[in-house]
Amino acid sequence: MSENEENEARGRARLPDGVLVRAVRLSDAEEITDLINLPGYRAGTLRPPYQRVEEVRKHMENPSPGALNLVVTQNGKIVGNGGLNRLSGRRQHVASIGMGVHDDFTGRGFGRILLGAMVDAADDWLDIKRLELTVYTDNDVAIGLYRKFGFEQEGLMKAFGFRSGEYVDAYTMARLRL
């Protein structure tokens with residue numbers, strides 16, 4: 001049974017031709033660096049501009065314990081990436097997630113595909129009960145996507161990050177698997 005047939009059998013959407021979700025590879029470092037340096041991508045993150053390939057590769061070589069780092073590709077080109085980081089100790093049932101999509105590929109469903117893969121892994125393979133994230137309050141598209149996956153706003157963090165010369169607020173959101 002192919003991966004798409006298995007997804008369909010489990011009630012998941014079939015991936016469009018040429019689209020693949022897979023684990024990050026060290027050989028992706030340069031392409032991921034290009035991705036995270038895009039202005040639109042960076043605007044939704046806490047990353048500073050001008051990330052170096054060496055910094056990204058070092059981070060990729062030393063992932064957090066229990067981390068799941070994914071990319072979504074279209075015809076071999078990385079168009080988005082995301083990570084799920086499991087917490088430990090009395091919060092081992094919790095994971096935090098972060099993700100982003102290439103500036104030229106937003107609005108095409110790649111965020112939905114990537115978030116769906118992380119939620120599926122959390123629910124079906126990692127026994128994660130609670131998924132957490134932060135999102136800037138002005139990122140309406142991302143907030144809408146997270147809500148479609150059952151994330152709810154839990155709090156507001158004032159002056160959460162510094163972006164483009166000003167402080168910006170963020171929401172904390174979480175999804176509980178019952």
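Mentor: Let's start with Ser164, which sits in the loop between β6 (152-163) and β7 (166-176). Helices (H or I, at least four residues) and strands (E, at least two) are DSSP runs, numbered from the N terminus. This is a predicted model, in which local features need pLDDT of at least 70 and side-chain atom pairs count only at pLDDT 80 or more, while totals for chains, interfaces and linings use all residues. Residues are numbered from 1 along each chain as its sequence is written, and side-chain values use heavy atoms, with hydrogens and water left out.

Trainee: Why is Ser164 called exposed?

Mentor: Its relative accessibility is 75%, so Ser164 counts as exposed (buried means under 20% relative accessible area, exposed over 50%, partly exposed in between, with a 1.4 Å probe and protein chains only). Ser164 also has a positive phi, about 50 degrees, although it is not a glycine.

Trainee: Which phi value does Tyr50 have?

Mentor: Phi of Tyr50 is near 65 degrees, which is positive in a residue other than glycine. Tyr50 belongs to the loop between α3 (39-43) and α4.

Trainee: Is Tyr50 buried or exposed, and how do you know?

Mentor: With 72% relative accessibility, Tyr50 counts as exposed.

Trainee: Good. How do the axes of α2 and α4 meet?

Mentor: The axes of helix α2 (residues 29-36) and helix α4 (residues 53-61) come within 9 Å and cross at roughly 115 degrees.

Trainee: Which residues make the contact?

Mentor: Ala29, Glu30, Ile32, Thr33 and Ile36 do so from α2, and Val53, Val56, Arg57 and Met60 from α4 (contact means heavy atoms within 4.5 Å). By class, the contact of α2 with α4 has 6 nonpolar, 1 polar and 2 charged residues. Here Ala, Val, Leu, Ile, Met, Phe, Trp, Tyr, Cys and Pro count as nonpolar, Asp, Glu, Lys and Arg as charged, and the others, Gly among them, as polar.

Trainee: How do you know that the span of α5 agrees with its number of residues?

Mentor: Helix α5 (residues 110-124) has 15 residues and should span 21 Å at 1.5 Å a residue. The expected span is 1.5 Å times one less than the number of residues. The end C-alpha atoms of α5 are 21 Å apart, which agrees. The buried residues of α5 include Ile113, Leu114 and Met118.

Trainee: What makes Glu132 buried?

Mentor: At 17% relative accessibility, Glu132 counts as buried. Glu132 lies in strand β5 (residues 130-136), and it touches residues including Leu87, Arg91 and Met173, leaving out those up to four places away in sequence.

Trainee: Why does Asp127 count as exposed?

Mentor: Asp127 has 54% relative accessibility and therefore counts as exposed. Asp127 is in the loop between α5 and β5, in contact with Arg86, Ala122 and Arg177, leaving aside neighbours within four places in sequence.

Terms used:
Axes fitted to C-alpha atoms, helices over the stretch in contact; angles between N-to-C directions.
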